[in-house]
Amino acid sequence: MVGSPVLLIAIPLLAAFMIPLLGMIWKELVRIIPGLVLAFMMISSASMLMYVTNNGTIIQTLAGWEAPWGINLVFSPLTAFLATLMTFMGFIVWLYSYRFKRNVDFEPAKKYFIFLMMLVAGAVGIVITGDIFNQFVFIEITGISAYALTAFYTGRNSAEASFKYLLMGALSSSALLIAIAIIYSQLGTLNMADIASKIHLMPAGYKVTALIFFMMGIGIEAEIFPLNGWAPDAYTEAPGPIGAAFAGIVVKAGVYAMVRMVFTLFDVSGAMDILLTIGLITLIVAETAAIRQEKLKRMLAYSSIGQMGLVFVAFGIGTLEGVYAALFLMLNHAIIKPLLFLSGSQLVFNSKEKLIKEVNGLGKYMPFTAVLFALGSFAIVGLPPFAGFWSKLSVLTAAANEGMLLIIALILIVSVIEIVYYFRVVNRIYFFDKAEDLIPQKPRVNAVIAMSVLGAIILIIGFNPDVVSTVLHNASADLMDTPQYIKNVLSAGQSLTN
Amino acid sequence: MKKLIVILLLAVTGYFLVDSFMDLGRTGPVVETGVKDFYLDKTVSELKVANTITSIVVNFRGFDTLGEVTVLFLAATALGGILYKRRHHVGERSVLFPSSPIVRAGSKLLFPAIVLLGVYVFIHGHLSPGGGFQGGTIIATGFLLMLLAYDNFSVSHNVLSFIESFAGIFFVLFGFAGMWAGGTFLENFLPVGTMNNLFSGGIIPIVYILVGFKVAAELTGLIYTVLHEKES
C-alpha cells in the first residue's frame, strides 16, 4: 500500500500552495508538479484499492479524534473505486493538456494547472470523506475550481457561463448548509455513519425537508434535470480538456454524494422512486435536447446529462444488480465521454463556431482522432463489442429482473435517439467533403497518448468485461451494506478509545 | 406558465423550510447526547483552550479549516484571472478618485492601530473571541483604508503571494508533523501548557496565526486586484 487516504488530499493542497513559489524558480514546474501529484494520487489510490479489496475498509481519523467527534476518511471498496477512477482521469486530462499555452502565457497556465489539480483533489475529497460538513467544504473547493476553469477563456460567453454556474453553485451551497443545519439541530452530529445510525429517531418532516435540500444542493453538481442549466454552457465554453474533467470527475463526485445520501444516510421510503423518476426525466429531456444541438461540445454536454440520468435510473432500481449496473455505467461514462470531449475538441480545434457541420470530411485529414471519436461514439451508444454495451445491457437486465418493462422500453427508445445524433456526427466526419478553408489540427504526442489510453481501455472492457467485474461487485455490495458501513466507522473509533 | 410553476414550487419549498425552522430551536434535539458535550469537555480538560469555538475550528475540525483556507486561496486566485479588463482611470467614473486631506491624514494615523488590532485578535484567538479569519480580515481593512486614501499606495503582489504560500505550506506541514508525531493528520503534538496563558493550546495558536497571515494577505490581494484591474 502506497500512502494513506489523507495524503490524497494533503499532498495536492501542499502542492497548490507551493506552485506559485516554484513557478518563480522555473516556469516549467507549474506543469510538472501537478502531473507528479496527480500521478502519485493515481498510484496511491490504485494500490489502496488493491489493499481494500483484500483487507477491508480503511478508516482514517484526523486530528486525533475518533469517529463521531473528529473528521474521518473512509476508504471502502466503493470510494476506493471512485477515487481511483477520478485520479486516473485527472492524470489523463493533465497529460492531454500538458503543453497547454506553453511558451505563450505563464500566468493563465499556472492557474489552469492549480485549478485542474484542485478540481481532482476536491472531487476525491467529496468521495472519501465520512463527514457531511467536510463534504460541503470539498464541494466548495471543487465548485470554485470549476467556475474558474469555466471562465478560463476570458470572453463574454465564458464569463456568462461561469457566472451562471457560480449562481447555481452558490444556491446549491446554501441549500446544502440548510440541510446540514437541520440534521445537526436534530441529531447533534455531522458524521455520516453516526447520522445513518440515528436517522430513524429524526421526525419525518425534518427528514424529508433535509433530504430535499440535500438533493437540491448536490443535484446541481450531479446534473439532474431541473438543476442542470449551467452544464451545457459550462461544457461549451470551458477549454476542451476541462469538459472532459467535468464529465469524468466532477459529475461522478456529485452522483456519489447524492447516492450516499439516499442509500446510506436517509431511510426515507420512496427515495429510490424519486431517483428513478428524476433519472428518467433527465434522460429523456437531455437526449431530446441533444439531438437539436448544432455545436459539438454542446451536444456532448447534453449527452453527458442524459447518461447521468441513466445512471440515476439504474441506482433507482434499488437492487444490488441495479447498483452494479449504475457503477458500471459510471465507469464507462467516465472513460468514454472524456475521450469524446478530447477527440471532439481536436476535431473542432481550428473552427471558429465549433459547429457540428465543421467536422465534415475530417476523417481523411485527421485519421487517428476521427477513429477515436468514432470509437467513443460507438461505445457510448452501446454497440457491442465496446465497453458501453455491457453497462447498458446490465441496466436492462437489472430493470427486467424487477419487471420494469416500461423503463426498459424508454431506455431503448432513448438509445435510438442517441444513435441518431452520434452517428450523424460520425457520418459527417467520414462521408462529407471538407470545407476548403479549414485547416486540420495535428494532435500533439501527449494528446495522442492520452486519447489512445482511453481508447484502449474501451476496447479492453468491451472484449473482456470481467476485468472490472470484481471491483464493481465489491463496490456495489459496499454501497448496499449500510450496517457494515456504520460498524466500520464507529467501531474504529471505539477500538481507539479502549 | 413556466413562471407560475416556478413560483408554486418555490412556495412549497419555502413552506416546508419555514415549517422546519419555526420550531427548530424550541423542541430540542431528538438526540440529547450530541458531539457538543464532548467538545466542551475536551476543550478544557485536554486542549486547555479558553475559546471553545477556536478549539473546534482549529483542532477538532481542523481539516475543514484547511479546506476553507484553500477555498479562499482558490477564490483569490480565480478573481485575479477573471478581472482583467479596463483600467479605471483616476478621475470621473472611477473608484480611485483622490480623497480629501482629512481621510489621508486620518488613515495614516489609523493604519498601524488597525493592523495592531488585527494581530492582537489572531494571536489571542485561543483566549478571547476572534481568531485567524477575523484578525486577517481586520488587517485587510487597514490596507483597504490605505488604498482608498492614497491612489498611489501599492502592495507588492510577490510579497503577498509569498506570505499566502508560506502560510498555506506551513499549515499542511504542521498537519504532517502531527501525523509523524502522533499518528493522525493535524494532531496536536506540542505541550498544551496552562489554560489562559498566551503560550498554551499546543499547535492551535500557531495554526491560527498562520491562518491570520494567509487571510490578511489574500483579502489584501483581492482588494488590490479589484481596485487595480489589469489591462488585458
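## Legends to close-up views of the two-chain model

View 1. Of the 232 residues that make up chain B, 38% count as buried. The model is predicted, and its scores are ipTM 0.90 and pTM 0.93. Chain B contains 8 helices and 0 strands, so that its elements, read from the N terminus, follow the order α-α-α-α-α-α-α-α. The radius of gyration of chain B is 22 Å, whereas a compact globule of 232 residues would have a value near 17 Å. Taken along the principal axes, the C-alpha atoms of this chain fill a box of roughly 60 × 60 × 35 Å. Among the contacts in chain B with a separation of 6 or more, 71% are accounted for by residues 24 or more positions apart. The mean pLDDT of chain B is 84, and 91% of its residues score at least 70.

View 2. Chain A has 20 helices and 2 strands, and 63% of its 498 residues count as buried. A compact globule with 498 residues would have a radius of gyration near 23 Å, and the 22 Å of chain A agrees with this. The C-alpha trace of chain A spans about 75 × 60 × 40 Å along its principal axes, and residues 24 or more positions apart supply 80% of the contacts in chain A with a separation of 6 or more. The pLDDT of chain A averages 89, with 98% of the residues at 70 or above. Within this chain, confidence is highest in helix 3 (residues 77-96), at a mean of 94, and lowest in helix 20 (residues 482-497), at a mean of 72. Over residues 494-498 of chain A the pLDDT is below 50, and this stretch has 2 contacts in the model beyond near neighbours in sequence.

**View 3. The contact between chain A and chain B.** In this contact, 47 residues come from chain A and 43 residues from chain B. On the side of chain A that touches chain B, at least two residues each are supplied by helix 1 (7-25), helix 4 (106-128), helix 5 (132-150), helix 6 (156-187) and helix 8 (204-222) of chain A. Helix 5 of chain A gives the largest share of that side, namely 10 residues. Sorted by class, the side of chain A that touches chain B holds 32 nonpolar, 12 polar and 3 charged residues.

**View 4. Helix 5 of chain A and B:Leu74.** Helix 5 of chain A, with 19 residues, reaches 26 Å from its first C-alpha to its last, close to the 27 Å expected at 1.5 Å a residue. Because 18 of its 19 residues are buried, helix 5 of chain A is largely enclosed by the rest of the structure. From the other chain, B:Leu74 is found in helix 4 (residues 62-82) of chain B. B:Leu74 has 25 other C-beta atoms within 10 Å and is therefore buried, the cut-off for this being 20 or more. Leaving aside neighbours within four places in sequence, B:Leu74 is in contact with A:Met118, A:Ile141, A:Ile144, A:Ser145 and A:Ala148.

**View 5. The largest nonpolar core around A:Leu119.** This core has 255 residues, of which A:Met117, A:Leu119, A:Ala314 and A:Ile458 touch the most other members. The element that gives the most to this core is helix 10 (residues 240-265) of chain A, with 18 residues. When its neighbours within four places in sequence are left aside, A:Leu119 is in contact with A:Thr142, A:Ser145, A:Ala146, A:Leu149, A:Ala245, A:Ile249 and A:Val250.

View 6. A cis peptide bond, with omega about 5°, joins A:Pro384 and A:Pro385, and A:Pro385 lies in the loop between helix 15 (367-381) and helix 16 (387-401) of chain A. A:Glu223, although not a glycine, has a positive phi of about 60°; A:Glu223 is placed in the loop between helix 8 and helix 9 (230-237) of chain A, where A:Glu223 is buried, with 30 other C-beta atoms within 10 Å. In chain B, the phi of B:Leu186 is near 65°, a positive value in a residue other than glycine. B:Leu186 lies in the loop between helix 7 (157-181) and helix 8 (204-227) of chain B, and B:Leu186 counts as buried, with 32 C-beta neighbours inside 10 Å.

Technical notes. Residues numbered from 1 in each chain as written. Chains lettered and ligands numbered in written order. Predicted model: local features only at pLDDT ≥ 70, side-chain atom pairs only at ≥ 80, totals over all residues. Helix = DSSP H or I, 4+ residues; strand = E, 2+ residues; numbered from the N terminus. Rg over C-alpha atoms; globule rule 2.2 N^0.38 Å. Buried ≥ 20, exposed ≤ 12 C-beta atoms within 10 Å, placed from the backbone. Contact = placed C-beta atoms within 7 Å. pLDDT = per-residue confidence, 0-100. Nonpolar A, V, L, I, M, F, W, Y, C, P; charged D, E, K, R; others polar. Core = buried A, V, L, I, M, F, W, Y, C linked by C-beta atoms within 7 Å. Expected span 1.5 Å × (residues − 1).
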